[in-house]
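Hi everyone, thanks for making time. I'd like to walk you through a structure, so please have the viewer open and follow along.

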Amino acid sequence: MWTFIKKEFFHIFRDYRSMVVLFGIPLIQVLLFGFAITNDVNNAKIALLDHSKDPVTREITHKLLSSHYFLLSRYLNSEDEIKPAFKKGEIKEVVVFEPHFAQKLETEGKARIQLIIDATNPNTASILNGYTTGIINSYTLDKMKKEHRLPAEVNVQTAMMYNPELKSAFMFVPGIMTVILMLVSAMMTSISITKEKELGTMEALLVSPVKPSVIILGKVTPYVVLSSIIFAIIVLLSRFVFGMPIEGSIGLLVAESLLFLVMALSLGILISTVSKSQQQAMLLSMFVLMMPTILLSGFIFPIENMPLVLQYLSDIMPGKWFIIIIKNIMLKGNGFLYIWKETLIIFSMTLFFLMVSIKKFNVRLE
Amino acid sequence: MSLAVKIKNVSKSYPNAEALKSITLDIGPNELFGFIGPDGAGKTTLFRILTSLILPDKGTGSIGNFDIVKDYRKIRKEVGYMPGRFSLYGDLTVEENLQFYARLFNTSIKENYDLIEDVYKQIEPFKKRRAADLSGGMKQKLALSCALIHKPQLIILDEPTTGVDAISRKEFWALLKSMQQKGITILVSTPYMDEAALCDRVALMQEGNILTIDRPGQIVQDFSGKILGIKTNQMHALLNDLLQMEQPERVYRFGAFVHLVTHDNPDACAKKVRSHLEAKGHQNIMIQEQPASIEDCFLALMHKPETP
């Protein structure tokens with residue numbers, strides 16, 4: 001058994017290219033998703049069309065621009081300039097103040113602002129909308145307080161729980177963790193097993209009296225170690241680079257991740273038993289594991305918004321449950337009582353995959 | 001204690017080919033037994049059945065007292081197998097490979113060093129080298145060491161000398177002989193006819209059938225007819241021109257010569273051939289009677305019309 005593990009480590013460490021990939025991918029992915037591919041809107045360029053140009057509109061403008069969300073691109077002079085400005089693609093939003101803004105606010109108690117937003121990216125658009133209305137609302141509220149008047153309207157106050165700044169890293173880290181653990185564990189094991197098949201060394205292993213379970217365990221253990229290291233790297237990165245909190249118990253987090261690891265590894269073994277070549281194993285893990293995990297696990301697209309069929313499909317994605325678990329532990333600080341159901345699901349999936357793959361792993365060549 | 005091998009009516013089909021057609025074989029203990037035949041003759045399939053890597057469709061077999069299907073665990077302990085493809089880890093060193101295989105069988109290099117000494121000492125100077133960087137002959141020696149490391153009673157070698165240079169081949173066969181003297185039964189396959197003479201007995205195989213099983217000397221003796229080796233200055237045209245002759249028995253290229261098989265008086269036949277070739281414009285004609293080789297016998301058996 002130890003012989004197997006030692007041999008496997010030799011394979012891994014002597015192939016320095018795959019080592020680089022193994023440790024490089026998680027680093028790069030986490031950093032990429034954390035920094036570049038983000039839903040947070042910063043420095044969105046806007047244009048202003050101020051028909052009124054009075055102290056109130058100036059004050060609101062100032063408020064908008066002093067937040068780091070918006071950057072003034074330019075002032076427009078008439079409605080006709082709005083469309084060309086959008087077409088050029090230089091701005092994301094136009095804020096239009098109606099004529100006699102301050103005056104109307106004074107006499108009628110209300111004045112109108114029109115927001116025109118580029119919705120080619122709906123996500124960004126709704127975020128921009130949220131930011132702008134938020135800033136304007138807080139301004140009017142402040143103003144009324146100062147003038148000791150009762151607010152004319154009821155204001156809805158939203159409190160963002162668990163992620164008050166709506167940082168997208170909080171959403172991506174659990175997803176990334178899931179995807180990478182899946183990738184490393186399932187793909188690497190399936191590739192390393194099929195590699196033996198391809199090289200013909202599996203033939204030599206099989207004619208020895210060693211039991212299949214020992215062969216499999218020997219193959220899998222090194223990858224458990226590697227994946228655990230990678231897991232630690234991701235957690236440390238998310239903690240210290242993105243400031244992601246770990247509210248819950250670290251022990252629980254580690255335990256759950258190990259369970260998920262074992263699940264991914266047994267999936268990898270299963271893949272290797274059905275594929276004949278390394279390439280097949282790689283394609284299978286890419287399309288059967290990676291893509292659905294990324295798309296259907298709730299990592300990028302909220303599951304609640306999917307059509308019913310896809311929602312059911314997402315239920316059989318182990319990644320979905322793991323993401324829920326991680327969010328519960330890291331962000332909400334929940335204990336095991338809150339996630340026992342998800343844990344049970346992953347646990348039974350693990351058992352299932354292990355059983356099928358041991359059954360399918362052949363003591364012969366056919 | 002060396003092991004005997006018995007096989008009875010073993011057949012094996014793949015989805016698009018019949019690999020073995022009811023093979024029956026009896027190999028005695030401590031025999032050096034060769035399987036000769038071209039690619040696709042079924043040698044590898046037979047070996048995989050013997051090593052319990054695949055199951056026969058029909059038929060039974062045993063190695064010593066072990067059934068090849070039921071007792072596969074015991075067989076795997078007693079048999080050393082060297083697959084046709086190089087099946088060691090290229091990224092491990094020579095020593096690491098050997099150690100790994102020793103551990104697979106719960107033994108160590110030290111414990112069985114006396115058995116592999118002859119083989120291993122030839123590659124020991126390179127023991128820190130990675131297996132992938134070895135030459136073809138050395139790779140095979142390493143593979144043989146690995147197959148021997150657990151003191152098997154029987155070793156099965158699938159084309160161990162394919163793709164190996166002539167000198168290494170010779171050395172390899174010398175090693176096999178010395179293994180035999182240590183009491184091991186050896187089954188070896190090869191596409192090289194000249195290696196057949198080195199075996200105690202050989203089975204000539206073709207398309208899943210065994211054409212004949214005998215001592216190599218006996219096979220050659222049993223060859224019927226005489227062989228004329230023919231050489232001229234126009235080797236390209238020679239084969240075609242000979243085929244045009246009346247009642248040609250069998251004509252085929254053989255090394256630097258073209259062989260013609262006849263059952264007539266060889267001198268009379270040689271005369272006829274010479275005049276025929278002279279008429280066709282060949283010069284420097286050289287015709288000599290040559291002793292039959294295993295290859296000649298094999299070709300003769302291959303072309304023998306099926307006896308109903």
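Predicted model: local features only at pLDDT ≥ 70, side-chain atom pairs only at ≥ 80, totals over all residues.

B:Arg169 forms a salt bridge with B:Glu195, and the closest N and O atoms are 2.9 Å apart. The arginine sits in helix H6 of chain B, residues 166-181, while B:Glu195 is in the loop between strand S8 (185-190) and strand S9 (201-206), so the pair ties together parts that are 26 residues apart in sequence.

Now over to chain A for another pair. A:Arg112 and A:Glu98 meet through their side chains in a salt bridge, at 3.7 Å from N to O. This one also links distant parts of the chain: A:Arg112 is in the loop between helix H5 (101-107) and strand S4 (113-117), A:Glu98 is in the loop between strand S3 (93-97) and H5, and 14 residues separate them. Here the two ends differ in their surroundings. A:Arg112 has a relative accessible area of 61%, so it is exposed, whereas A:Glu98, at 12%, counts as buried.

Staying in chain A, there is a network of salt bridges that links A:Lys7, A:Glu8, A:Glu196 and A:Lys219. Within it, the side chains of A:Lys7 and A:Glu8 meet at 3.8 Å, N to O, and both of these residues are buried. Over all chains, the count comes to 20 salt bridges.

Let me zoom out for a second. Chain A is divided into domain 1, which covers 2-37 and 167-360, and domain 2, which covers 44-146. The C-alpha centres of these two domains of chain A lie 47 Å apart.

Next, a serine I'd like you to click on: A:Ser238, in helix H9 of chain A, residues 212-240. A:Ser238 is buried, because its relative accessible area is 1%. Leaving aside neighbours within four places in sequence, A:Ser238 is in contact with A:Val173, A:Gly243, A:Met244 and A:Met330.

Finally, the interface. In total, 29 residues of chain B are in contact with 26 residues of chain A. Between them the two chains bury about 2,700 Å², with 58% of it on carbon and sulfur atoms. On the chain B side, B:Leu53, B:Arg76 and B:Tyr89 lose the most area to chain A, together 22% of what that side buries.

Nine residue pairs are in polar contact across the interface. Helix H2 (72-78) and helix H3 (94-104) of chain B each supply at least two residues of the side that touches chain A, and H3(B) gives the largest share, five residues. By class, that side has 15 nonpolar, four polar and ten charged residues.

That's my tour, and I'm happy to take questions!

Conventions
Residues numbered from 1 in each chain as written. Chains lettered and ligands numbered in written order. Heavy atoms only, no water. Contact = heavy atoms within 4.5 Å. Buried area = accessible area lost by both parts, 1.4 Å probe. Polar contact = N/O pair within 3.5 Å; in protein donor to acceptor, adjacent residues only side chain to side chain. Helix = DSSP H or I, 4+ residues; strand = E, 2+ residues; numbered from the N terminus. Nonpolar A, V, L, I, M, F, W, Y, C, P; charged D, E, K, R; others polar. Domains from an automatic or database assignment. Buried < 20%, exposed > 50% of the residue type's maximum accessible area, 1.4 Å probe, protein only. Salt bridge = Lys/Arg side-chain N within 4 Å of Asp/Glu carboxyl O.
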